[in-house]
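Biologist: Could you put the model up, so that we can go through it together? I have a few questions about how the pieces pack.
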Amino acid sequence: MSATVEQADKIIEDSALAEEDLLDELEDEEIPHSIREARLSQLKKMSADFKQMKEQEHGKYTEIVEEKAFLDMTTSVDRCVVHFFHPDFRRCGIMHDHLALLSEKHFGTKFAKISVDKAKFFVAKLKIQVLPAVFCFVKGVVVDRIIGFDELGNSDSFPTSVLEQRLISNGVIAGKQKTKSASNSILGPKKLGSDDSSDDDN
């Protein structure tokens with residue numbers, strides 16, 4: 001389900017108006033009744049889904065303050081991206097900026113961050129040794145992890161679109177993939193403990 005925050009809000013707040021617009025569009029007698037009914041049902045379901053997502057704070061890059069909340073989110077939301085960060089690491093701050101932008105653009109995916117100091121159990125369980133560490137979950141399963149900046153060009157000034165394409169490639173956000181992601185190389189993704197992807201400021 002691909003939508004920006006603005007598009008989702010319009011469907012949630014103006015679902016009745018959107019339904020009227022769709023009915024006007026479907027007045028064409030050449031469109032079969034079954035198709036009209038299907039499109040109306042789809043619109044109503046989308047409105048209900050977006051409303052539920054808004055209650056879960058989709059469209060915002062939020063901070064998780066306890067490990068139970070992290071577990072609840074990753075098991076209750078279909079698609080989510082979680083950034084394990086440390087407030088003193090410069091590169092974590094850079095990753096915050098990119099994820100905040102993407103959270104507004106991809107309403108269908110939940111974006112969040114959690115301090116490693118508040119997630120010691122999961123840091124150990126997920127074997128996080130290098131920051132920033134971004135984990136992508138689909139239906140509670142880790143489908144990808146981005147450790148450091150190595151796979152994003154190994155530069156502090158990488159464009160948001162590079163991260164966006166990586167997230168599209170692993171299916172955690174919807175969209176059209178324009179280029180081949182580094183994660184799809186024949187060598188596969190880099191390992192978590194790669195020393196050369198560590199933050200320079202720790």
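Biologist: How are α5 and α7 oriented to each other?

Modeller: Keeping in mind that this is a predicted model, α5 (residues 90-105) and α7 (residues 160-169) pack at an angle of about 60°, with their axes 10 Å apart. The two helices are therefore oblique to each other, and their crossing is right-handed.

Biologist: Which residues in α5 meet which ones in α7?

Modeller: From α5 the contact takes in Met 95, His 98, Leu 99, Leu 101, Leu 102 and Lys 105, and these meet Thr 160, Leu 163, Glu 164 and Leu 167 in α7. By class, the residues of this contact of α5 with α7 divide into 6 nonpolar, 2 polar and 2 charged.

Biologist: About His 98, is it buried or exposed?

Modeller: His 98, whose place is in helix α5, has a relative accessible area of 9%, and because buried means under 20%, His 98 counts as buried.

Biologist: And what is His 98 in contact with, leaving aside its neighbours within four places in sequence?

Modeller: On that basis His 98 is in contact with Phe 158 and Pro 159, and also with Thr 160 and Leu 163, the last two of which are among the α7 residues in the contact with α5.

Biologist: Switching to the sheet, what order do the strands have?

Modeller: The sheet is open, has 5 strands with mixed pairing, and runs in the order β1-β3-β2-β4-β5. Its edge strands are β1 (61-64) and β5 (141-147), each of which pairs on one side only, and the twist averages 25° from one strand to the next.

Biologist: Which strands does helix α5 lie across?

Modeller: Helix α5 lies across β1, β2, β3 and β4, and runs at about 160° to β2. Helix α4 (residues 67-76) also lies across β1, β2 (79-85), β3 (110-115) and β4, in its case running at about 155° to β2.

Technical notes:
Residues numbered from 1 in each chain as written. Predicted model: local features only at pLDDT ≥ 70, side-chain atom pairs only at ≥ 80, totals over all residues. Heavy atoms only, no water. Pairing = 2+ DSSP bridges. Helix = DSSP H or I, 4+ residues; strand = E, 2+ residues; numbered from the N terminus. Axes fitted to C-alpha atoms, helices over the stretch in contact; angles between N-to-C directions. Contact = heavy atoms within 4.5 Å. Parallel < 35°, antiparallel > 145°, perpendicular 65-115°, else oblique. Left-handed = near helix turned anticlockwise from the far one by under 90°. Nonpolar A, V, L, I, M, F, W, Y, C, P; charged D, E, K, R; others polar. Buried < 20%, exposed > 50% of the residue type's maximum accessible area, 1.4 Å probe, protein only.
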